[in-house]
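User: Could you take me through this model one feature at a time, giving the general idea before the particular case?

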Amino acid sequence: MVLVLVIGDLHIPTLTHDLPAKFKKLLVPGKIGQIICTGNVCDKETYDYLRTIAPEVHAVRGEFDENTHFPLSLTIPHQSLRVGVVHGQQIVPAGDADMLAALARQMDVDVLISGGTHRFEAFEFEGRFFVNPGSATGAWSGLWNGDATPSFALMDVQGPVIVTYVYQLVDGEVKVDKVEYRRPDPPKDSIETAGAGRTEVPAGW
């Protein structure tokens with residue numbers, strides 16, 4: 001079991017000064033094995049803070065990140081799953097499910113994590129799982145009217161199963177919801193083909 005913090009679009013200090021205090025009380029060192037950040041951290045101090053929560057931090061570059069060395073995309077293996085990470089600049093219109101699915105196919109990943117919209121989403125589409133942690137600070141976005149709801153996600157990776165817990169700050173209180181994804185089994189003939197010694201890999205693996 002691996003517990004992964006999925007977080008992004010913090011925009012500190014450009015749009016807001018800090019994470020909500022109730023989120024910081026939850027994000028304590030020692031419980032989280034890995035952090036995946038969808039970008040717009042934006043400064044070194046905030047990135048260093050994330051590294052105090054977990055030693056392994058994977059971040060992609062948002063349009064407001066000071067660190068230009070963050071990659072535009074990442075692929076991270078998690079046991080039998082392949083997890084792709086992008087900020088979301090590649091997705092037009094922002095958050096579009098068909099465009100996300102096309103990118104997931106291109107990256108050959110089972111799970112695609114993206115940001116940029118400042119709005120949490122978690123859904124299964126075409127056998128793949130898509131997660132957008134939203135903005136952890138509830139930073140303003142030109143895509144919507146008003147501030148976004150502060151949110152982040154914790155993913156519990158158990159082999160081909162991911163249980164995602166979304167934390168949202170609603171009316172000053174932390175609300176938690178759960179979404180579960182299980183990677184579909186490959187077609188039976190693909191398993192038999194693989195067992196015959198051929199090197200073909202079933203689609204979606």
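User: Which strand gives the most to the lining of the largest cavity, and with how many residues?

Analyst: Strand S8 gives the most to that lining, with 3 residues; strands here are DSSP runs of E of at least two residues, and helices are runs of H or I of at least four, both numbered from the N terminus. This is a predicted model, in which local features need pLDDT of at least 70 and side-chain atom pairs count only at pLDDT 80 or more, while totals for chains, interfaces and linings use all residues. Residues are numbered from 1 along each chain as its sequence is written, and side-chain values use heavy atoms, with hydrogens and water left out.

User: How many cavities are there of 30 Å³ or more, and which residues line the largest cavity?

Analyst: A cavity is a set of points, on a 1 Å grid over the protein atoms alone, where a 1.4 Å probe fits but cannot get out, and lining residues have an atom within 4 Å of a point. Points are joined across faces, edges and corners, and the volume is the space filled by probe spheres set on them. The count comes to 1 cavity of 30 Å³ or more, and the largest cavity holds about 50 Å³ of space. Its lining consists of Gly95, Leu100, Ser114, Gly115, Thr117, Glu121, Phe123, Phe130, Val131 and Asn132. The elements giving two or more residues to this lining are strand S7 (121-125) and strand S8 (128-132).

User: How are S7 and S8 paired, and by how many bridges?

Analyst: Two strands pair if DSSP finds at least two bridges between them. S7 and S8 run antiparallel and are joined by 5 bridges, and Glu121 has Asn132 in S8 as its bridge partner.

User: In what order do the strands of the open sheet stand, and which strands are at the edges?

Analyst: The open sheet has 5 strands in the order S4-S5-S6-S8-S7, with mixed pairing. Strand S4 (73-78) and S7 each have a single partner strand, so one side of each lacks a neighbour in the sheet.

User: Which strands does S1 pair with, and in what direction?

Analyst: Strand S1 (residues 2-7) runs antiparallel to strand S9 (residues 151-158), to which 5 bridges join it, and Val6 stands opposite Ala153 in S9. With strand S2 (residues 34-37), S1 runs parallel through 4 bridges, and Ile7 has Cys37 in S2 as its bridge partner.

Methods. On a 1 Å grid over the protein atoms alone, a cavity is a set of points where a 1.4 Å probe fits but cannot get out, and a pocket is an open set with protein on both sides within 12 Å along at least five of seven lines; lining residues have an atom within 4 Å of a point.
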